[in-house]
Amino acid sequence: IVAFFCPLLALVASLMVWNQFAKAVMLRRQLSRSNQALVAQQRELAFLADHDTLTGLFNRREFMRQAQQALNRAVRAGVPTHCVMVDLDYFKKVNDGFGHDAGDSVLVHLGGILRARSRRADIVARVGGEEFCVLFEDADPTRLPDMLEVLRAAIAESSAELDGHRLTATVSIGACATIEDTLDKMVSRADEMLYRANQSGRNRIVIDETG
């Protein structure tokens, strides 16, 4: 009897140990998946905190933070830095005429062009509904007009697509080509130039080179 039950008890004990081991493995896997999901969620929340959810560009708050740091470096080094405001012309007509999905497609398209036409060191952001801002750090001031004209033309000659429809748009651009002691002043001057571009017919560039 002892000879019969000893192996049987050993088998039962082994099965119990294996069951506990299997449960522990499953629990570790579940915890690992939960941790991975939590890390992914934290990364997403961190991204959303300083990026625009539609275009993936920086939002206004993060732009102001990073651009001010870049401006501080430029002032210390004495290198030219330009602040550029870009505004979609008659954007309300796009939304009213084709719907907000069309408007979103145009915004995403414009954001992609701005990102593609900027260097790694430049800071690109969506700072308002249809307004974008770019800080060109350590950029040649003599090349700024041509660079902005290439950008304006690239946007005017391209189009976004939605459900097989081509959506075209133009932009007005205002730029501050002089270094101020604070980013707020540069943004304000660029915004003033943008207002002049809008008032003078849109789809054009106005650069403030005074100061």
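Predicted model: local features only at pLDDT ≥ 70, side-chain atom pairs only at ≥ 80, totals over all residues.

Student: Which residues line the largest cavity?

Tutor: The lining consists of Leu88, Val106, His109, Leu110, Ile113, Ile155, Ser158, Ser159, Ala160, Leu167, Thr168 and Ala169. Helix 4, which spans residues 100-116, supplies the largest share of that lining, namely four residues.

Student: How many cavities of 30 Å³ or more are there, and how much space lies in the largest cavity?

Tutor: The count comes to one cavity of 30 Å³ or more, and about 50 Å³ of space lies in the largest cavity.

Student: How does the lining of the largest pocket divide into nonpolar, polar and charged residues?

Tutor: The largest pocket, which holds about 200 Å³ of space, has a lining of four nonpolar, three polar and four charged residues. Its lining residues are His51, Gly56, Leu57, Phe58, Arg115, Ser118, Arg119, Arg120, Asp122, Ile123 and Val124.

Student: Which residues of the largest nonpolar core touch the most other members?

Tutor: That core has 28 residues, and the ones that touch the most other members are Val84, Val86, Leu88, Leu110 and Leu114. Two or more residues each are given to this core by strand 1 (82-88), helix 3 (91-98), helix 4, strand 3 (131-136), helix 5 (144-157) and strand 6 (171-176), and helix 4 gives the largest share, six residues. Another core, of 18 residues, lies apart from it, with Ala70, Leu135, Leu183 and Ala190 among them.

Student: What does Leu88 touch, if residues up to four places away in sequence are not counted?

Tutor: On that count Leu88 touches Val106, Leu107, Leu110, Glu130, Ala169, Thr170 and Val171. Leu88 also belongs to the lining of the largest cavity, as do Val106, Leu110 and Ala169.

Student: Why is Ser172 called buried?

Tutor: Ser172, whose place is in strand 6, has a relative accessibility of 0%, and because buried means under 20%, Ser172 counts as buried.

Student: What makes polar contacts with the side chain of Ser172?

Tutor: The side chain of Asp89 is joined to that of Ser172 by a polar contact of 2.6 Å, and the side chain of Asn198 makes a polar contact of 3.0 Å with the side chain of Ser172. Both values fall within the 3.5 Å that a polar contact requires.

Student: Why is Asp96 described as exposed?

Tutor: The relative accessible area of Asp96 is 57%, and since exposed means over 50%, Asp96 is exposed. Asp96 has its place in helix 3, and a polar contact of 2.6 Å joins its side chain to that of Lys92.

Student: How far apart in space are Asp96 and Ser158?

Tutor: They are 21 Å apart, C-alpha to C-alpha, and 62 residues apart in sequence.

Conventions:
Residues numbered from 1 in each chain as written. Heavy atoms only, no water. 1 Å grid on protein atoms, 1.4 Å probe; cavity = no way out; pocket = protein on both sides within 12 Å on 5 of 7 lines; lining within 4 Å. Points joined across faces, edges and corners; volume = space filled by probe spheres on them. Nonpolar A, V, L, I, M, F, W, Y, C, P; charged D, E, K, R; others polar. Core = buried A, V, L, I, M, F, W, Y, C linked by side-chain atoms within 4.5 Å. Buried < 20%, exposed > 50% of the residue type's maximum accessible area, 1.4 Å probe, protein only. Contact = heavy atoms within 4.5 Å. Polar contact = N/O pair within 3.5 Å; in protein donor to acceptor, adjacent residues only side chain to side chain.
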